[in-house]
Amino acid sequence: MVIAVAVLVVGGLLGWLLLRDRARPGRGEHYGAAPSGAEPQVPAELPVGAPIPEELRPLGRVEVSGLTKMYGGVTVVDDVSFIAEPGRVTGILGPNGAGKTTTLRMLLGLVIPSGGVARIGRSRYREIEGPVRTVGALLEASGAAEGRTGRDHLRVLCRAAGLPLIRADEVLDAVGLARAGGRQVHGYSLGMRQRLGVAAALLGDPQVLILDEPGNGLDPAGIRWTRDLLRALAASGRTVLVSSHQLAEIEQLADDLVVIATGRVVASGTLEAVIGAHAGLEEAFLELTAGRGEIR
Amino acid sequence: MSATSPIAGSRVAVSARLVRAEVMKIRTTRAWWLFAGGFATLTALTALFGWAEHHAELYPPSGLTNEADALAQAAADRTPAGATAMAASMMTSGQGLLVLVTVLLGVHVVTSEYAARTMTSTFLVTPRRELVIGAKLVTAAAFGAGFWAIATAADGAMTPVFLTAQHLPEAALGSSEVVRAVVMGLLAYVLWALFGLGLGAVLRNQVVAAVAAIAIYAGGFAVAELVVHLLNDASRASWLLGLAVLAPAEASNVMIASGRAFQGAPPWWVGALVLAGYGVVLAGSGVAAARRQDVS
């Protein structure tokens with residue numbers, strides 16, 4: 001008797017836990033698959049939220065001071081300091097392996113710094129309550145499980161963040177993945193994965209956007225769309241911090257630059273100031289990073 | 001930002017939605033069907049095996065060298081005490097094998113996130129990593145309890161039929177011995193889930209953690225059995241034999257067995273304490289490892 005009751009109680013609880021989502025709309029919908037190989041069309045309207053009021057913009061200021069990371073005895077990020085201002089696109093430029101990704105991961109609380117501190121507004125990332133409402137990040141293409149659909153990937157994030165699940169569909173629409181959302185990430189092209197990553201970064205309509213190599217794998221139209229989106233986000237008073245090793249891309253996008261080579265900041269300031277007396281960004285970059293790591 | 005934003009919520013509210021997110025993660029990939037289908041199949045097989053095994057005990061084949069012993073045992077099995085032991089055994093049929101599924105589920109819940117690189121977005125949404133691992137522990141434990149409910153329901157359907165068919169007293173089912181075995185079974189499923197999850201959080205690699213879990217489970221069992229047999233020949237010190245309970249799989253057996261699980265075995269509660277010790281230590285190590293380690 002006792003056993004029967006215990007089984008019923010536990011079974012019932014588990015069943016309730018599992019089935020409570022089933023009644024919600026949107027689950028199990030099947031969208032027609034896009035023709036294979038074709039990149040989905042992106043809506044003309046850019047998914048930029050309401051402008052950030054002037055008085056709140058300082059909360060989106062990103063301040064990195066003295067960030068250092070050592071692995072074993074090797075210093076991969078060495079005393080990196082810079083500021084990304086609200087309303088501007090700040091580009092982190094550097095050869096592969098310069099420490100860009102590690103710097104961004106320390107800023108986002110994923111890698112624990114050996115020294116220094118990074119703040120967004122007045123807080124470290126790990127101190128921010130409900131950080132997706134403040135900071136959106138894209139670190140690697142999608143970062144989604146291969147066997148999960150794009151929509152479910154975003155819905156899991158919504159659930160964990162306490163956002164309404166419908167947000168997943170809204171951002172999928174916004175990045176042009178509405179039709180592909182019901183398919184497993186397994187079948188996505190690199191460009192579609194990048195879009196899914198951008199969608200995840202936009203989930204909480206954040207004031208600060210941090211993107212690691214967002215142009216990777218995108219076709220020319222996708223690159224153009226991403227550039228327009230990031231410019232529009234900055235114009236709305238948001239802080240945009242983008243890393244890249246593609247000079248032409250960053251030259252068209254960034255207001256401010258931080259040039260990193262072998263873990264150190266070798267130049268920073270406005271785009272014009274970094275180019276300075278050089279003929280262009282490429283000459284400036286090559287000279288600044290000369291003899292420091294591999295350039296591709 | 002003095003006011004708490006509605007999204008932040010209390011620790012309990014955050015934990016509750018994290019658990020729901022974890023359940024969603026399990027249900028939105030193929031792993032869900034693999035674990036549920038695998039467990040259901042194994043449950044059916046072990047229940048049938050339990051039936052066959054006990055049937056064979058009651059009707060020993062003739063021509064055995066120790067036929068008299070076997071017949072005496074079969075007679076003893078038909079006493080009230082024998083029937084109780086048999087009922088307790090059937091109500092926990094195959095548990096030694098079935099808890100392995102729980103261990104692997106625990107391993108999967110955390111290592112799949114490192115394998116798919118989704119741990120990055122998980123920790124971006126919830127930088128308080130102890131809450132994330134805590135939610136995973138709760139989820140794994142809940143699924144462990146669910147597995148227990150399935151297995152107990154199957155055994156609960158089979159055992160009374162067996163007892164009636166064999167003209168054994170059905171009252172044996174309600175004895176405290178049987179209730180204890182079943183309730184301890186629930187504890188075992190939950191603790192093994194924590195064991196697997198903690199191990200996964202420490203080791204991070206899916207294959208390594210799964211192999212280690214099986215090695216600790218089966219290897220520890222084999223070593224304990226071997227040592228017990230060697231000591232059994234060499235020594236009469238039964239407390240030495242009792243040390244076999246330190247192998248987690250033996251501890252699990254000791255806590256559910258009616259009577260002594262092996263010669264010199266300590267009482268059931270010692271097994272429960274040992275397994276609880278392993279579960280708690282590994283779960284704690286998992287939380288500590290997740291808090292400390294870089295995610296890159």
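**View 1. Helix α2 of chain B, from end to end.** Here is α2(B), which covers residues 31-58; helices (H or I, at least four residues) and strands (E, at least two) are DSSP runs, numbered from the N terminus. The expected span is 1.5 Å times one less than the number of residues in the helix. Keep in mind that this is a predicted model: local features need pLDDT of at least 70 and side-chain atom pairs count only at pLDDT 80 or more, while totals for chains, interfaces and linings use all residues. Residues are numbered from 1 along each chain as its sequence is written, and chains are lettered from A and ligands numbered from 1 in the order in which they are written.

**View 2. The buried residues of α2(B).** Which residues of α2(B) are buried? They are Phe39(B), Thr43(B), Thr46(B), Gly50(B) and His54(B). "Buried" means that 20 or more other C-beta atoms lie within 10 Å of the residue's own; with 12 or fewer a residue is exposed, and in between it is partly exposed (C-beta atoms are placed from the backbone). An α-helix has 3.6 residues a turn, so residues three or four places apart point the same way. The cover over these buried residues includes α4 (80-91), α5 (95-115) and α7 (129-165) of chain B.

**View 3. α8 and α11 of chain B, packed together.** The axes of α8(B) (residues 176-203) and α11(B) (residues 248-256) come within 8 Å and cross at roughly 160°. Axes are lines fitted to C-alpha atoms, for helices over the stretch in contact, and angles run from 0 to 180 degrees between N-to-C directions. That crossing makes α8(B) roughly antiparallel to α11(B); angles under 35 degrees count as roughly parallel, over 145 as roughly antiparallel, 65 to 115 as roughly perpendicular and the rest as oblique. On the α8(B) side, the contact is made by Ala181(B), Met184(B), Gly185(B), Ala188(B) and Phe195(B). Two residues are in contact if their C-beta atoms, placed from the backbone, lie within 7 Å. Sort the residues of this contact and you get seven nonpolar, two polar and no charged. Ala, Val, Leu, Ile, Met, Phe, Trp, Tyr, Cys and Pro count as nonpolar, Asp, Glu, Lys and Arg as charged, and the others, Gly among them, as polar.

**View 4. Leu191(B) and its surroundings.** Leu191(B) sits in helix α8 of chain B. Is Leu191(B) buried or exposed? It counts as buried, because it has 29 C-beta neighbours inside 10 Å. Leaving out residues up to four places away in sequence, Leu191(B) touches Leu275(B), Ala276(B) and Gly279(B).

**View 5. Two residues with a positive phi.** Glu213(A) is not a glycine, yet it has a positive phi of about 50°. Look for Glu213(A) in the loop between β6 (208-212) and α6 (220-235) of chain A. Glu213(A) counts as buried, with 22 C-beta neighbours inside 10 Å. Arg204(B) is not a glycine either, and has a positive phi of about 65°. Arg204(B) lies in the loop between α8 and α9 (206-234) of chain B, and it is partly exposed, with 19 other C-beta atoms within 10 Å.
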